[in-house]
Amino acid sequence: MHLRFRYLAVLLVLTAALAAQPAERPTADTWPDGPPPDDLALLRTALPYPARRRAQSTLLLYNVVEWSPNENFQVGVGNALLLGLLTTQRYRTTLSPGVHLGIGNRSVLLPQIDYGAVGVAVAGDAAVLLTLGTPEQFYNLGVGVVYTVGYATLPAYRVGLGTRLGPRVAAFGELVAVSDADAGQLTLLPSLNVGLAGRRHRWSFGVAAAALSEGDLYPFPYLSYWVYF
């Protein structure tokens with residue numbers, strides 16, 4: 001069985017095992033300074049989930065509602081790239097107050113028309129996550145792949161830092177590196193952003209870029225929004 005499908009099978013087993021273990025979740029009254037960061041703007045972490053449910057939108061191109069039946073597991077559904085059906089799965093656990101481990105997967109199903117035939121293309125990313133620290137200040141590392149079913153599976157490495165600058169303000173830096181050895185191509189996706197928290201909300205304003213090994217650089221601004229409920 002291909003590694004990707006073994007990974008998904010493990011996630012399905014975890015879903016069945018964990019869905020029967022309800023856990024108390026924080027409420028907005030617990031957050032006098034807004035919900036604490038649980039993800040970076042572009043990357044996922046293994047930090048605790050602040051609430052049972054959340055919705056996220058990034059530039060209206062990535063939109064998802066996610067639900068955590070307990071403190072370990074999270075699943076979501078939404079849309080990406082306008083026409084794509086998005087699904088997410090994540091499992092996390094805390095080994096000590098400053099050490100968090102997790103695994104995560106995001107898949108997009110996109111309609112595909114090829115020489116008059118209509119089908120579905122499946123692409124996504126999967127990673128093992130290590131987060132050191134707390135929502136106040138943390139370092140995040142992810143190792144995994146980006147994949148397109150039937151085409152390519154490429155190694156991807158993720159690094160991120162986050163720190164609170166004030167009661168409701170945080171700063172984040174992220175870097176994704178995707179290597180295509182066959183094409184001799186290395187793609188870097190760095191980003192810097194500032195996060196603002198409200199009572200049940202978080203906003204992230206920043207700038208990201210796609211940097212290719214040929215020296216091309218494509219910067220773009222972005223806005224992410226989360227609501228917790």
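**Asp 39 and its surroundings**

Mentor: The side chains of Asp 39 and Arg 54 are joined by a polar contact of 2.6 Å; such a contact is a pair of N or O atoms within 3.5 Å, where within protein one must be able to donate a hydrogen and the other to accept it, and residues adjacent in sequence count only if both atoms are side-chain atoms. This is a predicted model, in which local features need pLDDT of at least 70 and side-chain atom pairs count only at pLDDT 80 or more, while totals for chains, interfaces and linings use all residues. Residues are numbered from 1 along each chain as its sequence is written, and side-chain values use heavy atoms, with hydrogens and water left out.

Trainee: Which backbone nitrogen lies 3.0 Å from a polar atom of the Asp 39 side chain?

Mentor: That of Thr 45.

Trainee: Is Asp 39 buried or exposed?

Mentor: Asp 39 counts as buried because its relative accessibility is 3%, and buried means under 20% relative accessible area with a 1.4 Å probe, protein chains only.

Trainee: Where is Asp 39 placed?

Mentor: Asp 39 sits in the loop between helix H1 (3-18) and strand S1 (53-58). Helices (H or I, at least four residues) and strands (E, at least two) are DSSP runs, numbered from the N terminus.

Trainee: Now the whole protein: how many strands does it have?

Mentor: The protein has 12 strands and one helix.

Trainee: And what share of its residues is buried?

Mentor: Of its 229 residues, 43% count as buried.

Key. Buried means under 20% relative accessible area, exposed over 50%, partly exposed in between (1.4 Å probe, protein chains only).
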